[in-house]
Amino acid sequence: EVLEIASKVKTVVFDKTGTLTYGKLKISKVINYSKMSDSKLLQMVGSLESKVSHPIALAFKDYLSLNKLPLLEVMDFKSISGYGLIGKVSNHSIILGNNKILKKYEIDNPYLDDYEKLKKDNSVFYVVLDGKVVYLIGVNDVIKKEAIDVVKSLKKRNIDILMLTGDNGDVALKIAKKIGIKDVIADVLPNEKKSVIEKCKRYVMMCGDGINDTPSLAFSDIGVSIGSNDIAVNSADVVLLNDDLNGILKLIDISKKTIRNIKQNLFWAFFYNTVMILIVVFKPFGIVVSPVLASIFMVLSSLCVTLNALRLKRI
């Protein structure tokens with residue numbers, strides 16, 4: 001079924017982080033409004049992030065590893081998909097997330113100007129300690145080397161492309177422009193991604209890697225999981241084991257060649273059998289087909305179909 005639908009794909013929807021980008025985020029800039037040191041705050045944030053496997057968490061885990069900072073005990077941990085993380089670290093309640101989480105918990109944000117400046121080149125996260133915003137963290141990512149060529153190839157196939165991400169619009173638009181994607185929908189929650197997929201035309205392929213992509217992967221006509229996230233893999237129809245976006249092109253090409261092969265086999269099988277039946281019935285030029293010859297011709301018919309199908313192994 002997947003091979004059949006892939007040949008008809010009209011729209012490919014990409015997640016950003018970990019799909020079009022490597023997902024190996026690095027902490028690029030921090031703004032500290034508290035009396036705590038950067039290392040102490042990042043140690044608390046890194047301990048909270050150690051509870052999840054999203055690419056963003058790797059940036060903080062790498063920081064702790066590089067600075068040889070041990071993980072702190074995390075209590076009352078909670079992950080809110082599309083918003084951020086909550087927990088207690090070192091007797092402090094801590095919230096880490098985007099600006100949506102501030103609205104959700106009605107937390108005052110006196111640093112909106114700093115946020116606007118930082119978000120132009122970074123994905124920005126707030127750190128809320130004991131109910132107050134104390135830290136802004138900017139992280140950025142690197143575009144996958146094959147992303148630009150894959151997008152160009154999809155356009156040549158007359159396939160529409162859409163970037164659908166929970167990241168902020170400024171960062172999403174900059175990355176989309178570099179890759180060559182015109183249509184971008186940013187700042188969306190996981191359930192909102194599903195609604196966007198629903199509004200697309202038929203035969204939509206969704207490509208994502210994280211837990212946040214699970215609803216849209218499951219709802220699309222073909223869900224392609226990039227990476228080994230267990231939840232995303234179980235929700236997808238296709239898994240790209242080597243994280244290479246070229247696998248999407250291979251999937252579409254294999255699908256089209258398979259469908260073409262099936263049509264060839266159907267045509268030649270009907271043509272062959274029709275011709276042979278006419279020869280047996282009307283005996284043109286006095287040709288008489290014995291049961292033995294009929295059996296041999298039937299085997300040859302099946303052999304032709306089989307050999308034609310085996311050509312697919314050359315893809």
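This is a predicted model: local features need pLDDT of at least 70, side-chain atom pairs count only at pLDDT 80 or more; totals for chains, interfaces and linings use all residues.
Visitor: Why are helices α7 and α12 called roughly parallel?

Guide: The axes of α7 (residues 147-156) and α12 (residues 246-282) make an angle of about 25 degrees and lie 9 Å apart. Angles under 35 degrees count as roughly parallel, and therefore α7 and α12 are described in that way.

Visitor: Which residues make the contact between α7 and α12?

Guide: From α7 come V150, S153 and L154, and from α12 come N246, L249 and I252. Sorted by class, this contact has four nonpolar and two polar residues, with no charged residues.

Visitor: What makes β2 and β3 the edges of their sheet?

Guide: That sheet is open and has six strands in the order β2-β7-β6-β5-β4-β3, paired in the antiparallel sense. Both β2 (26-32) and β3 (74-80) have a single partner strand, so each is left with one side that has no neighbour in the sheet. Between neighbouring strands of this sheet the turn is 20 degrees on average, direction ignored.

Visitor: Where does helix α3 lie, and at what angle does α3 run to β5?

Guide: Helix α3 (residues 38-49) lies across β2, β3, β4, β5 (92-97), β6 (123-129) and β7, and runs at about 75 degrees to β5. Angles of 65 to 115 degrees count as roughly perpendicular, so the value of about 75 degrees for α3 and β5 belongs to that class.

Visitor: What makes β9 and β12 edge strands?

Guide: They belong to an open sheet of six strands, ordered β9-β8-β1-β10-β11-β12, with parallel pairing. Because β9 (183-185) and β12 (238-240) each have a single partner strand, one side of each lacks a neighbour in the sheet. From one strand to the next the twist averages 20 degrees.

Visitor: How do you know that β8 and β9 pair?

Guide: Three bridges join β8 (residues 160-164) to β9, and the two run parallel. M163 has V184 of β9 as its bridge partner.

Visitor: Which strands of this sheet does α12 touch?

Guide: Helix α12 packs on the sheet and touches β1 (11-14), β10 (204-208), β11 (222-226) and β12. The direction of α12 makes about 155 degrees with that of β10. Angles over 145 degrees count as roughly antiparallel, so α12 and β10 fall into that class.

Visitor: What lines the second largest pocket?

Guide: This pocket, with a volume of about 190 Å³, is lined by 14 residues, and D121, D141, V171, I175 and K178 lie nearest its centre. Helix α8 (169-179) and strand β7 (132-140) each supply at least two lining residues, and α8 gives the most, with four. By class, the lining has five nonpolar, three polar and six charged residues.

Definitions and conventions
Residues are numbered from 1 along each chain as its sequence is written. Side-chain values use heavy atoms; hydrogens and water are left out. Axes are lines fitted to C-alpha atoms, for helices over the stretch in contact, and angles run from 0 to 180 degrees between N-to-C directions. Contact means heavy atoms within 4.5 Å. Ala, Val, Leu, Ile, Met, Phe, Trp, Tyr, Cys and Pro count as nonpolar, Asp, Glu, Lys and Arg as charged, and the others, Gly among them, as polar. On a 1 Å grid over the protein atoms alone, a cavity is a set of points where a 1.4 Å probe fits but cannot get out, and a pocket is an open set with protein on both sides within 12 Å along at least five of seven lines; lining residues have an atom within 4 Å of a point. Grid points are joined across faces, edges and corners, and a volume is the space filled by probe spheres set on the points. Two strands pair if DSSP finds at least two bridges between them.
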